[in-house]
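Let's take a walk through a protein together. Have a look at the sequence and the model below, and then we will explore some places in turn.

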Amino acid sequence: MILSGPWKLQHFDVGEKPPLELAAPGLDDRFWIEAGVPGDVHSALLERGIIEPPYFGHNDAKCRWIELKEWWYRTTFELDADAVPGEKDERIELVFEGLDTFAAIFVNGHEIGLASNMFRRYPFDITRIVHEGRNTVAIRFDPLELHYRDKERFEWSSYTKERPWIRKAAMNFGWDWGPRVVTAGIWGPVRLERRRRAKLTGVYAATLSASAEEAVIRVKAEAEAFRSGTKAVAVARLIDAERNEVASVELPVLESAEAEAAGGQAALRQAFPHAFRTQGAASAELRIAMPRRWWTHDLGEPYLYSLEVTLVVGGEEVDRYQQSFGIRTLDLSLQDPDGNPSFAFILNGIKVYAKGANWIPADHLIGSIPESTYRELVELAVEGQMNMLRVWAGGIYEKDVFYEECDRRGVLVWQDFAFANALFPDFNRDFMDNVRQEIVDNVKRLRNRASLALWCGNNEIDWLYDMKAAAGDITGPFFGETIYHELIPGLLAELDPHRSYWPSSPYGAQEGYDANDPNHGDRHNWQVWHGSVYPRMHGEKPLLDYSIEGVTFKNFKQDFALFSSEFGMHASANRYTLEKNIPEGQFTWGSAEMAYRNKDTNHRKGILLMEGYTGIPRDIEEYMNFSMLTQAEGLKYGIEHFRRHRHRNSGALVWQLNDSWPGTSWSMIDYERLPKASYYYGKTFFHPVLLSVEHEPGEPLRVWVVNDTLEPLEGTVTLTVHPLSLGGVVAAERQISFEAKIPPQTALPLGSLDEAEALAGLAPEEVLVELRATGFATPANRYYLRDPKELRLPVAELDVQVDEAEQTVTVTASGRSVARLVKLELPLGGVRFSDNYFDLLPGEQRTVHLRHPEGRPLPWAALRVGALNAGTQPGIRC
Ligand code: BMA
């Protein structure tokens with residue numbers, strides 16, 4: 001039974017009322033407000049109009065009182081006479097999947113336990129205190145302050161000092177892309193579970209081997225009986241998508257009384273059978289002939305079976321587990337077949353070039369994020385040609401729906417443990433017990449997911465500890481180290497032994513380098529944007545270079561990482577996302593409200609980046625265009641470089657995929673689920689088959705094809721040089737063709753030509769270069785030979801035709817000039833544009849399909865279409 005309410009909510013000052021009064025079954029809570037569960041306090045207050053939308057203007061600051069209060073939730077549930085446990089081996093458990101964060105839980109006025117970790121699952125045995133009829137649940141959430149104010153402060157805890165003692169999503173305290181919004185409440189489902197005789201306490205399944213002919217899967221079931229002498233078997237079945245059983249096995253999880261008796265204490269067992277809640281486990285191998293293996297969506301089909309485990313006692317089914325299951329092997333390889341260092345994910349024996357981004361919680365109000373948001377974001381990731389998402393440590397272990405979607409759509413998940421940018425008190429026993437249980441809960445919950453590729457100990461802690469110690473900001477020991485280097489690997493060896501573990505990101509160093517070593521492990525490139533100077537040796541004082549050259553994305557070409565797990569640049573959110581949240585008159589470049597959207601440490605970095613590339617924006621329109629263009633072209637520049645080196649580099653995960661509020665950040669998709677220009681660029685730079693030009697001003701143009709697929713490619717790649725403007729005389733286009741024979745999983749240079757030769761008399765500031773392929777399918781790719789601020793780009797003219805019935809917009813560059821960064825805007829969140837932020841050659845036409853994922857009508861009358869070199873205009877309806 002799910003306890004979905006109605007739940008009541010009220011706040012009090014700390015100690016204002018005695019807990020037993022507020023928890024009492026008979027309390028008159030008529031004047032309390034109704035609250036959604038799962039959810040959070042902010043969302044409940046927002047829904048009732050008690051607070052104003054926290055992301056509008058500076059409203060987040062008006063909500064700070066919420067974190068200082070004691071919050072009480074109450075609900076009731078009814079039990080029929082036959083649902084009340086009669087026999088001694090029946091149990092009723094009240095299970096909380098997510099409590100945020102310090103809570104005391106009461107049932108029928110009895111305090112049944114405390115919670116102190118947002119990431120844990122809290123089951124409570126309430127068998128003895130429930131009764132027929134109405135039962136009352138009450139929960140008190142304490143202000144966090146009560147639990148950290150007397151605690152030791154550490155030398156390092158980014159953004160706020162209270163985090164290390166509080167097991168809660170770090171980003172709630174504010175981050176360099178989001179405000180401080182400290183939530184409280186019941187953020188996960190609450191369930192009442194009634195069981196007889198025994199229950200499953202764990203199911204584990206791992207693919208040991210998987211060829212096209214046969215797969216071997218290890219299944220393990222763990223169970224607990226409510227009294228001594230209970231015999232139980234678990235029956236594990238693997239069922240295909242057509243509901244045919246393809247394999248099954250019986251696991252004797254709980255042996256008979258005789259077997260137990262061998263353990264001694266026979267007299268005690270007989271006298272007190274319920275004192276012996278026997279636990280047992282059994283495992284076996286399943287063999288599946290001709291398995292359908294699970295692949296990422298770019299390499300094959302993410303085929304899913306269903307794994308079903310039933311627990312049977314005395315012929316009666318007493319518990320059941322069911323989850324989708326993908327047959328695949330997946331390893332992290334630190335050495336390539338030639339013995340060179342690598343950091344590559346090997347799926348069913350095939351190297352996956354990981355293309356994707358870092359995932360943060362899709363809202364600060366985590367408990368209230370609708371499941372549809374997860375589905376849309378994962379769908380967008382897939383449409384954006386991504387095959388891996390990294391669930392970053394400063395958020396949460398995501399909700400089940402996220403992994404379900406990744407399993408279903410063939411997206412790998414790199415999962416961080418929730419330790420980000422701080423020291424943690426690993427010397428404190430209570431803290432470590434709490435963390436241990438958090439790890440056990442989440443590993444057990446997620447370990448059967450086909451998508452789960454890697455466990456990673458923390459975000460940037462090992463690396464930044466070294467930096468901060470070298471800079472003199474930390475003088476003490478590396479508190480927290482034993483969590484990532486002892487506790488977690490020890491628990492994984494027991495609970496999830498077939499999955500790879502990496503202690504931190506970035507991590508790995510040799511020959512005196514720091515943890516951001518390009519020759520070992522993964523790497524974060526924060527030279528671009530943050531100006532962090534590299535290479536850096538272990539123990540060396542970190543250097544920052546805040547200059548145009550220091551922060552430019554051109555630095556990506558010096559990066560020969562084995563795996564790039566973080567790198568990125570800011571771009572503005574889309575117009576609708578900003579306008580919706582910025583008070584009247586403040587949607588201007590340089591306004592205090594716009595600055596408030598940007599939580600980064602130093603606002604100069606973005607300006608420097610644009611100054612060097614597009615020029616400094618003069619108004620909000622230019623800011624949106626210039627920052628979007630810089631991010632899109634910058635990511636393209638970096639990612640194409642990483643991919644051209646695919647013999648060495650095996651992954652590019654952009655910082656960051658999504659946003660948690662309508663701010664300015666590194667995200668590719670803004671808070672309203674409207675992609676930025678970089679996302680649409682990604683459909684090409686992340687495409688499994690990439691046509692790429694490697695070029696610097698004055699240097700030759702080198703033409704490459706990167707083939708991540710399992711098929712060889714054969715065809716012709718044509719490079720065309722187009723003038724940006726047709727001018728008075730029609731300048732001849734110049735074309736050069738290359739024969740292309742590209743083996744599977746290879747990046748190959750096809751040839752090169754001198755810049756002057758390519759230009760054939762045209763100026764480099766006046767051309768666009770295009771690559772197209774015939775003989776194999778891949779998107780065309782376009783380049784400019786100089787930075788935007790140097791280009792001679794005349795004003796473009798656009799013709800815009802709207803077909804509302806077909807939900808299409810057709811844009812034509814109707815003048816004599818290239819239209820750069822053509823953008824379509826509608827004032828509605830979540831709208832899908834089949835394409836956006838594209839360039840059109842003179843006379844070229846593009847038809848864009850629009851839809852809303854929930855089928856909402858589109859506000860056609862408010863459509864705006866514009867370009868970097870054309871003003872915005874409404875569409876003409878046809
Ligand atoms: C890395 C991430 C985040 C941060 C981002 C941008 O440090 O791990 O902590 O938001 O860079 O600064």
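Leaving aside its neighbours within four places in sequence, which residues is R140 in contact with? Before answering, keep in mind that what you see is a predicted model. With those sequence neighbours set aside, the contacts of R140 are P19, E70, W71, W72, F102, A103 and A104. You will find R140 in strand β9, which covers residues 133-141. Is R140 buried or exposed? Buried means under 20% relative accessible area, and R140 has a relative accessibility of 17%, so it counts as buried. The side chain of R140 also makes a polar contact of 2.8 Å with the side chain of D142. Here is something else to look for: R140 and G185 are separated by 45 residues in sequence, yet their C-alpha atoms are 9.0 Å apart in space.

Now let's step back and see how the chain is divided. The domain assignment gives domain 1 (7-193), domain 2 (197-325), domain 3 (353-686), domain 4 (691-790) and domain 5 (798-877). Between the C-alpha centres of domain 4 and domain 5 there are 27 Å. Where these two domains meet, ten residues from domain 4 and ten residues from domain 5 take part in the contact.

Next, find the ligand. Why does the ligand lie between domain 1 and domain 3? Both domain 1 (7-193) and domain 3 (353-686) give residues to the shell around the ligand, so the ligand lies between them. The residues of this shell are W175, D176, W177, W392, N459, E460, W526, H530, E566, W655 and W666. Sorted by class, six of them are nonpolar, two are polar and three are charged. In D176, a side-chain N or O atom is 2.5 Å from a ligand oxygen. For H530, a polar side-chain atom lies 2.7 Å from an oxygen atom of the ligand, and for E566 a side-chain N or O atom is also 2.7 Å from a ligand oxygen. On its own the ligand has 300 Å² of accessible area, and the protein covers 95% of that.

Let's look at two helices next. Helix α15 spans residues 604-613, and seven of its ten residues are buried. These are K605, G606, L608, L609, M610, G612 and Y613. They pack against α12 (548-551) and α16 (620-644). After α15 comes G615, which has a positive phi near 95°.

Helix α17 (residues 677-685) has eight of its nine residues buried, so it is largely enclosed by the rest of the structure. The buried ones are A677, S678, Y679, Y680, Y681, G682, T684 and F685. What covers them? The cover includes α7 (371-383), α16, β30 (689-694), β36 (781-784), β39 (819-825) and β40 (832-833).

Our last stop is S333, in strand β19 (residues 330-335). With a relative accessible area of 17%, S333 is buried. Its side chain reaches the backbone oxygen of Q335 at 2.8 Å. Leaving aside neighbours within four places in sequence, S333 is in contact with S342, F343, A344 and I346.

Note on methods. Residues are numbered from 1 along each chain as its sequence is written. This is a predicted model: local features need pLDDT of at least 70, side-chain atom pairs count only at pLDDT 80 or more; totals for chains, interfaces and linings use all residues. Side-chain values use heavy atoms; hydrogens and water are left out. A residue is near a molecule or strand if one of its heavy atoms lies within 4 Å of it. A polar contact is a pair of N or O atoms within 3.5 Å; within protein, one must be able to donate a hydrogen and the other to accept it, and residues adjacent in sequence count only if both atoms are side-chain atoms. Accessible areas come from the Shrake-Rupley method with a 1.4 Å probe; for residues, only the protein chains shown count as cover. Ala, Val, Leu, Ile, Met, Phe, Trp, Tyr, Cys and Pro count as nonpolar, Asp, Glu, Lys and Arg as charged, and the others, Gly among them, as polar. Domain bounds come from an automatic or database domain assignment. Buried means under 20% relative accessible area, exposed over 50%, partly exposed in between (1.4 Å probe, protein chains only). Helices (H or I, at least four residues) and strands (E, at least two) are DSSP runs, numbered from the N terminus. Contact means heavy atoms within 4.5 Å.
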